[in-house]
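Biologist: Could you take me through this model, giving each cut-off as you come to it?

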Amino acid sequence: MVESGAIGPGGTLPVTTDGGTMSYSHPGIAAQQFQRVTRGVQQVRGECPTMQVDGAEVALCSNGGSGALFTDVLLLGKERP
């Protein structure tokens, strides 16, 4: 799946559209972890300044920090449940 390009920006299941922890944020620092939520909201709204995924309707944001002492997962979507 990875080698086919499915998880790339133009793939069927884009992953880490913010560039990941080496180029966008660092796990373990609360303010930087919130950047992932911000990027997810931007993607779903169609307002992402870089690497916008066309037609994004759902974003999964996940973080872990402080030696994996905590993790969080947030699912964002265009539709209200």
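The questions and answers below go from the whole chain to single residues.

Modeller: Before the first question, note that this is a predicted model, in which local features need pLDDT of at least 70 and side-chain atom pairs count only at pLDDT 80 or more, while totals for chains, interfaces and linings use all residues. Residues are numbered from 1 along each chain as its sequence is written, and side-chain values use heavy atoms, with hydrogens and water left out.

Biologist: In which element is the confidence highest?

Modeller: The predictor's confidence in each residue, pLDDT, runs from 0 to 100, and its mean for the protein is 81, with 79% of the residues at 70 or more. Confidence is lowest in β1, at a mean of 82. The highest value, 85, belongs to strand β2 (residues 70-77).

Biologist: What pattern does the protein follow along the sequence?

Modeller: Helices (H or I, at least four residues) and strands (E, at least two) are taken as DSSP runs and numbered from the N terminus. Read along the sequence, the pattern is α-β-β.

Biologist: Which residues form the largest nonpolar core?

Modeller: Such a core is a set of buried Ala, Val, Leu, Ile, Met, Phe, Trp, Tyr and Cys residues joined through side-chain atoms within 4.5 Å, where buried means under 20% relative accessible area, exposed over 50% and partly exposed in between, with a 1.4 Å probe and protein chains only. Buried residues make up 26% of the 81 residues in the protein. The largest core has five members, V37, V44, A59, C61 and L76. Two or more of these residues come from each of α1 (30-45) and β1 (58-65).

Biologist: Is V58 buried or exposed?

Modeller: V58 lies in strand β1, and its C-alpha atom is separated by 6.2 Å from that of V44, 14 residues away along the chain. Taking contact as heavy atoms within 4.5 Å and not counting residues up to four places away in sequence, V58 touches V44, L75, L76 and G77. Its relative accessible area is 57%, so V58 is exposed.

Biologist: Which residues does V73 touch, beyond those up to four places away in sequence?

Modeller: V73 is found in strand β2 and counts as exposed because its relative accessibility is 61%. Its C-alpha atom and that of V37, 36 residues apart along the chain, are separated by 9.6 Å. Not counting residues up to four places away in sequence, V73 touches L60, C61 and S62.

Biologist: Why does Q43 count as buried?

Modeller: The place of Q43 is in helix α1. Leaving aside neighbours within four places in sequence, Q43 is in contact with T17, C48, T50, M51, Q52, V53 and A56. Q43 is buried because its relative accessible area is 5%.

Biologist: How is Q52 placed, and what is its relative accessibility?

Modeller: Q52 is found in the loop between α1 and β1. Not counting residues up to four places away in sequence, Q52 touches Q42, Q43, G46 and E47. Q52 counts as partly exposed because its relative accessibility is 25%.

Biologist: What is the phi of M51?

Modeller: M51 lies in the loop between α1 and β1, and counts as partly exposed, at 41% relative accessibility. Its phi is a positive value in a residue other than glycine, near 55°.

Biologist: What is the volume of the largest pocket?

Modeller: On a 1 Å grid over the protein atoms alone, a pocket is an open set of points where a 1.4 Å probe fits, with protein on both sides within 12 Å along at least five of seven lines, and lining residues have an atom within 4 Å of a point. The lining has 22 residues, of which P14, V15, T16, A59 and L60 lie nearest the centre, and β1 gives the most, with five residues. Grid points are joined across faces, edges and corners, and a volume is the space filled by probe spheres set on the points. For this pocket the volume is about 590 Å³.
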